[in-house]
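Subject: Structure handover and findings

Hello,

Here is the structure we discussed. Please load it first, then read the notes below it.

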Amino acid sequence: MKQRNKTLGEFIIENQNAFLYSSGELSRIINSIRLAAKVVNYKVNKAGLVDIVGAAGEQNIQGEDQQKLDVYANEVFIQTLINREIVCGIASEENDEFITVEGSDKSHNNKYVVLMDPLDGSSNIDVNVSVGTIFSVYRRVTPIGTPVMLEDFLQSGVNQVAAGYVIYGTSTMLVYTTGHGVNGFTLNPAIGTFYLSHPNMKFSKDGPIYSINEGNYVHFPQGVKDYIKYCQTEEEDRPYTSRYIGSLVSDIHRNMIKGGIYIYPTSSKAPKGKLRLLYECNPMAFIVEQAGGKASDGFSSILEIEPTELHQRVPFFCGSYNMVEKAEEFMMKAKLSKY
C-alpha cells in the first residue's frame, strides 16, 4: 500500500526541533503564510471571473503600477500575520514604510519580523501566467518589549531564519527553507491541504537553461553580454535553452527543477538593478543556496550585502552553482578589461 505524503502541518511539527529557536513562533508564522496563500490562491484562480484583474489605479513606492491583486494579496498576508499575533513587524514591497505590530496586549514581545513581496509577477495575471508570493523571516535585533525599528528589517540575508515562496500555477506550491534544506508542498484544492510533494529540492551543478530578458541586451553591462554569447555558442553542452517568463518565482522554480541560471543585471535603464534585495533577492538567495545553488550580485554573495534602505535594489544572478560561477567569471573579466 502506497504511503500517504505528509501534510505541511505534519512536516512542520516533525521538524520543529530543527529550528534554531524552537518556541513554536516560527512554525506558527509558516502556518499563517499557508493560510494566507490559500486565500490568495482562491482569488488568483478566479481572476477571469471577478473584477480582480487589471491595474488598481495607484503606484507603489517603486513607482510601479499596482495591480488589484497586488493590493488584495498585500492586505490578506498583512492581516493574517497581524491577527495571529506572532510577529512584531512586517515590511512589504507594496508599502512605503514597515508596519509595527504591537499585539493585543501592546507588549511588543514577539520576536520575528516578516518581509514579503505579496504577489510577484502580478502583471502576468491578466494573461494567465504563473505568479507567486515571496517571504523572508528574521529574528529581531532590537530589545524584546520595545517597538520594532528599521534595523530589525535592514539585516543581511545570512541572518534569515526562514524564507520561501508560493507559486500559483497549474498547481499551487509552497516551497520553503529554515536553513535545513528546501522542501516543496503542493496544494490539494479539493480539501485545501498542502502535501509534501518535492522533498529535499536541489539545483543540479549545471543546467541547460539561461533566463534573462534579452530584449534589454543593448542596455546590459559587457560581462552579461559576453555571458549570453557564451550561452549561445555551440560548444560542449551548449547552446543553452533560453527560457524567461518574467515572473521571478516561476523562473527560479523552473530552474531549480530543471537546472539553470536566472539573471536580472544592472542596465543603463536600471543602473542599480531592478529586483529588491529584501523582498525578492535575499529570500530567493537563501532558498537557492539551501538547494545547493549559488546567488550573487555578479561579483559577491547576495546574502552578505548589508542593506541600507527598505526598498534597495540590486543586480541578481542565481541558480545552478557552476553556471553562476561562470557568469561571475565573465563579469570580472569585463571589469578588469576596463583598467
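D120 has G132 in β6 as its bridge partner. Strands β5 (residues 112-120) and β6 (residues 131-139) run antiparallel and are joined by 7 bridges. Two strands pair if DSSP finds at least two bridges between them. Elements are DSSP runs numbered from the N terminus: helices are H or I with at least four residues, strands are E with at least two.

Before going further, the ground rules. This is a predicted model, in which local features need pLDDT of at least 70 and side-chain atom pairs count only at pLDDT 80 or more, while totals for chains, interfaces and linings use all residues. Residues are numbered from 1 along each chain as its sequence is written, and side-chain values use heavy atoms, with hydrogens and water left out.

Back to the sheet. It is open and has 8 strands, in the order β4-β3-β5-β6-β7-β8-β9-β10, with mixed pairing. Its edge strands are β4 (99-100) and β10 (193-198), and each of them pairs on one side only. Helix α3 packs on this sheet and touches β3 (89-92), β4, β5, β6 and β7 (160-168). Contact means heavy atoms within 4.5 Å. The direction of α3 makes about 155° with that of β5. Axes are lines fitted to C-alpha atoms (for helices, over the stretch in contact), and angles run from 0 to 180 degrees between N-to-C directions. Helix α6 (residues 248-258) packs on the sheet as well. It touches β5, β6, β7, β8 (172-177), β9 (182-188) and β10, and its direction makes about 100° with that of β7.

**The five-strand sheet**

An open sheet of 5 strands runs in the order β12-β11-β13-β17-β15, with mixed pairing. The edge strands are β12 (241-242) and β15 (294-296), each pairing on one side only.

Strand β17 (residues 316-319) is worth a look. It pairs with β15 in the antiparallel sense over 3 bridges. A295 stands opposite C318 of β17, and S296 stands opposite F317. Strand β13 (residues 260-264) also pairs with β17 in the antiparallel sense, over 4 bridges. Here Y262 stands opposite C318.

Helix α7 (residues 277-290) lies across β15 and β17, at about 25° to β17.

**Helix pairs**

Helix α2 (residues 25-45) and helix α3 (residues 68-84) have axes that come within 9 Å and cross at roughly 150°. That makes α2 roughly antiparallel to α3. The cut-offs: under 35 degrees is roughly parallel, over 145 roughly antiparallel, 65 to 115 roughly perpendicular, and the rest oblique. The crossing is right-handed. A crossing is right-handed if the near helix is turned clockwise from the far one by less than a right angle, and left-handed if anticlockwise. The α2 side of the contact includes I29, I33 and V40, and the α3 side includes Y72, V76 and F77. By class, the contact has 14 nonpolar, 2 polar and 3 charged residues. Ala, Val, Leu, Ile, Met, Phe, Trp, Tyr, Cys and Pro count as nonpolar, Asp, Glu, Lys and Arg as charged, and the others, Gly among them, as polar.

Helix α5 (residues 222-232) and helix α8 (residues 321-336) pack at about 135°, with their axes 8 Å apart. That makes α5 oblique to α8. α5 passes α8 in a right-handed crossing. In α5, Q222, G223, V224, D226, Y227 and Y230 meet M323, K326, A327, F330, M331 and A334 of α8. These residues divide into 8 nonpolar, 2 polar and 2 charged.

**Backbone points to check**

- R238 and P239 are joined by a cis peptide bond, with omega about 10°. P239 lies in the loop between α5 and β12.
- E236 is found in the loop between α5 and β12. Its phi is positive, about 50°, although it is not a glycine. E236 is exposed, with a relative accessible area of 70%.
- E85 is found in the loop between α3 and β3. Its phi is near 50°, a positive value in a residue other than glycine. E85 is partly exposed, at 32% relative accessible area.

Best wishes

Technical notes: Buried < 20%, exposed > 50% of the residue type's maximum accessible area, 1.4 Å probe, protein only.
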